Amino acid sequence: MNINSIIVTADQMRQIEGRIFEAGMPVPALMEKVAGLITRRFVELYPLFRYPKVGVLIGPGHNGGDALVMARELHLRGHIITGFCPFDKKKELTDCHFKYVQSLGVPISREIESLYDCDVLIDGIFGFGLTRELRGEIATTFERINQWGKPVLSIDLPSGIHTDTGEVLGVAIRASQTLCLGLWKAACFQDSALGHLGEVELVEFGIPLGDIEAVLPHPVLIQRMTREVFVESLPLPRPVVTHKYKQGHLLLICGSKRFAGAALLSGLGARASGVGMLSIAIPSSLKPILVSALPEALILDCPETETGAIAELPNIPLEDYSAIACGPGLSVEAENAVQGVLAAQSPLILDADGLNILAVSHTLAMLSQRTSPTILTPHLGEFKRLFPDIAPQNALTATQQGAEQSGTIVLLKGARTCIAAPHGSQWVISESTPALARGGSGDVLTGLMGGLIAQTTTLERPLEQRVAGAAWWHAQAGILAAQERTELGVDAFTLSQYLGRVLSH
């Protein structure tokens, strides 16, 4: 179990900490350890010569205690510290640190304006577990801080963010930097929190693996995809003696006269995956385009409707393929093709119009009857059409509910893409870029994912891990391209050209 990939809810973190304390770890000792680690990171991020004046926001609980230990250590290092604490009642340990910091001559005020001249703020008001909406003076204080636009480092989570959903509880601190403590909190991977988190880092403080495993049994584990885990999903190294059919055969079913580019972009994504054989089923009128752009692919031209959509799949032996991906650019007129492919005995990816046809035809329930796995890759709008009774605000919960309801692996696209399997395993892609908010980006992902899955059917890795690996690969290509071309310069074709560079970067 890779600690850096584990994501917890507030209740799970509370249980893990409880086990540590029950085993004999003194709470004061752990606070000193954690606060020492985040103080060292603070000094690296905000050196004394550039940020001499530090304002410390002190809460009533142990998050406030962490902030007070930081205040003490930074004061002793030469920073000019000013504290703000509007609370009369504090936990006993926090109150002890409060009194000691005051004894050092550090001023602590009840007026937020006392911090206005500070160069950087430390947010230690509320830690994980906050659920109530913030109102009154504290809400006004947070709004005032956000208006200042100063750099803010938040301890564990920005105050005012719900740990599990990422929801802003009325108002929340807008941090420049968040140091998440011990284990990743679910809020760090919810789109609703991204505007408040800033740059996020995990600060590990040595949680015993046994305590994590006791609270997080494998079936409910939420994991964060990392480069190390991604590499495990790759079909590498290849055997010395092999041939193209042993390296997977992917069938793409995509494209229409109106959306011809979707077929090409999906094919480019598949090409980048390294799949051994690629077949593409398209309306017959698109064949010249695909043959010239993807000469290595087998182009299967299909009868088409009057408007240029696939009318049916002409005796294509679906059992011959290692994986099938269906949907990009099909148009909703290709219902016969989508319904026909549901009987395939191979892993099936449904995207774009493949999902729209499912929603319109109300055949989602049929997917649980398939003998091979199905992967659905909706964006938020498609998810709402597929699962109208599931509230999508909490992406982690919604994705899991969708997977259980449909009996499929669901990949919900977003700034933080979430993947869930029906048996409970979940993955999150923690890095992305708004550069991917371009038409055709999803088509590239569908081809890439299909090609990767087609090659790895014999690997002893869960299918949802391979799905998450493809999503991570796709996101990293976007990030790399945006670094070199800016967020405005990453069209879908360009994105496909950066996929190969991710592996060697």
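Reply: Start in strand E13, where Asp-301 is the bridge partner of Ile-282. Keep in mind that the model is predicted.

Me: What makes E12 and E13 a pair?

Reply: Two strands pair if DSSP finds at least two bridges between them. E12 and E13 (residues 298–302) have 5 bridges, so they qualify. Their sense is parallel.

Me: How does the chain get from E12 to E13?

Reply: It passes through helix H10 (residues 287–293), and this β-α-β crossover is right-handed.

Me: What joins E11 to E12?

Reply: 5 bridges join them, and the two strands run parallel. Within E12, Ser-279 is the bridge partner of Leu-251.

Me: Why is E12 called largely enclosed?

Reply: Buried means under 20% relative accessible area. In E12 (residues 277–283), 7 of the 7 residues are buried, so the rest of the structure largely encloses this strand.

Me: How do you know that the buried residues of H1 line one face?

Reply: The buried residues in H1 are Ala-10, Gln-12, Met-13, Ile-16 and Ile-20. Seen down the helix axis, they fall within an arc of 165°, so they line one face. They pack against strand E1 (6–8), strand E7 (177–181), strand E8 (184–185) and helix H7 (209–215).

Me: What span is expected for H1, and what does the model give?

Reply: H1 (residues 10–22) has 13 residues, and 18 Å is expected at 1.5 Å a residue. The model reaches 18 Å from the first C-alpha to the last, close to that value. Just after H1, Gly-24 takes a positive phi of about 120°.

Me: Is Ala-352 buried or exposed?

Reply: Buried. The cut-off is under 20%, and Ala-352 has 15% relative accessibility, so Ala-352 counts as buried. Ala-352 has a positive phi of about 50° although it is not a glycine. Its place is the loop between strand E15 (348–350) and helix H12 (353–361).

Me: Which peptide bond is cis?

Reply: The bond from Leu-236 to Pro-237 is cis, with omega near -5°. Pro-237 lies in the loop between helix H8 (227–233) and strand E11 (249–253).

Conventions: Residues numbered from 1 in each chain as written. Predicted model: local features only at pLDDT ≥ 70, side-chain atom pairs only at ≥ 80, totals over all residues. Heavy atoms only, no water. Helix = DSSP H or I, 4+ residues; strand = E, 2+ residues; numbered from the N terminus. Buried < 20%, exposed > 50% of the residue type's maximum accessible area, 1.4 Å probe, protein only. Right-handed = clockwise from strand over helix to strand, strands pointing away. Expected span 1.5 Å × (residues − 1). Arc of directions from axis to C-beta. Contact = heavy atoms within 4.5 Å.
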